[in-house]
Amino acid sequence: MLKLAPSILAADFKNLGQQVADVSLAGAQYIHLDVMDGAFVPSISFGMPVISSLRSCTDRVFDVHMMVEDPGRYISDIKAAGADLICVHAEACIHLDRTVNQIKEAGLKVGVALNPATPLSVLDCILPELDMVLIMSVNPGFGGQKFIPYTLNKIRDLRNICKERGLDTDIQVDGGVTCDNVRELIDAGANVFVAGSAVFKGDAVANTRDFLKIFEEYEG
Ligand code: DX5
Ligand code: ZN
């Protein structure tokens with residue numbers, strides 16, 4: 001199933017609750033929450049208090065993208081804040097297996113994110129354990145960047161690897177996703193689409209519907 005995950009990083013922060021409720025009512029299946037620590041990525045975004053205060057605004061899947069060094073330190077706090085799915089960066093975890101299992105043992109869905117230049121081979125051993133792989137299509141840290149074209153091949157390669165191994169792992173793509181390039185991403189094999197600027201810059205409800213209309217073309 002094709003799913004839209006609006007990233008609140010591009011939302012109007014003084015109306016955050018309303019914006020999350022709006023895109024949820026418009027049909028977005030996930031809410032993508034970008035946690036940045038100023039160490040793994042240059043920027044600092046928001047953390048547990050913001051996530052937990054948004055929890056009452058929507059029943060959608062809270063998809064927490066941890067751009068944080070050693071994210072295992074925060075799994076129980078992020079769970080308590082209301083996460084349904086936690087995605088950690090392979091580059092930020094020395095003990096990736098331990099962190100992945102910590103998330104699973106907490107009863108949450110688990111994803112692993114790869115920066116654009118990180119090869120898929122780092123997932124060889126852990127892939128069957130994952131609910132989702134996040135292919136970063138920009139260098140993480142900021143919204144509003146341009147899609148890096150070579151990441152399309154990574155999505156295609158990963159979908160083929162999953163098929164060969166009999167896995168129906170979700171493939172999420174994050175960074176520079178728009179209504180203009182989402183068809184190519186679907187064709188390549190991605191099925192969860194993060195969109196910050198393309199949803200929240202302008203009319204978030206109309207933009208959400210535009211994405212969902214494209215998904216319907218594929219799903220009937
Ligand atoms: C970037 C974040 C993204 C960001 C995407 O580091 O992980 O989720 O909000 O923003 P857009 O869709 O504007 O590229
Ligand atoms: Zn993200």
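Me: What spacing do the donors of the zinc ion (ligand 2) follow along the chain?
Reply: This is a predicted model. In it, the zinc ion (ligand 2) is coordinated by His32 (NE2), Asp34 (OD), His65 (ND1) and Asp174 (OD). Along the chain, these donors follow the spacing H-x1-D-x30-H-x108-D.

Me: How many residues apart are Asp34 and Asp174?
Reply: Asp34 sits in strand β2 (residues 30-36). Asp174 sits in strand β7 (residues 170-174). The pair links distant parts of the chain, and the separation is 140 residues.

Me: Is Asp34 buried or exposed?
Reply: The cut-off for buried is under 20% relative accessible area. Asp34 has a relative accessible area of 4%, so the residue counts as buried.

Me: Which arrangement do the 6 donor atoms around the zinc ion (ligand 2) have?
Reply: Six donors count as octahedral if opposite donors are over 155 degrees apart and all others between 65 and 115. Here the 6 donor atoms subtend angles of 71 to 171 degrees, which makes the arrangement octahedral.

Me: What share of the accessible area of ligand 1 does the protein cover?
Reply: Ligand 1 is surrounded by 19 residues, and Asp174 is among the closest. An oxygen atom of ligand 1 is 3.2 Å from an N or O atom in the side chain of His65. Oxygen of ligand 1 also lies 2.8 Å from a polar backbone atom of Gly176. Of the 380 Å² that ligand 1 has on its own, the protein covers 98%.

How values were computed
Residues numbered from 1 in each chain as written. Chains lettered and ligands numbered in written order. Predicted model: local features only at pLDDT ≥ 70, side-chain atom pairs only at ≥ 80, totals over all residues. Heavy atoms only, no water. Donors = N, O, S within 2.8 Å, 3.2 Å for Na, K, Ca; no water. Tetrahedral: all angles 85-135°; square planar, octahedral: opposite > 155°, others 65-115°. Helix = DSSP H or I, 4+ residues; strand = E, 2+ residues; numbered from the N terminus. Buried < 20%, exposed > 50% of the residue type's maximum accessible area, 1.4 Å probe, protein only. Near = heavy atom within 4 Å. Polar contact = N/O pair within 3.5 Å; in protein donor to acceptor, adjacent residues only side chain to side chain. Areas by Shrake-Rupley, 256 points an atom, 1.4 Å probe, with all protein chains shown as cover.
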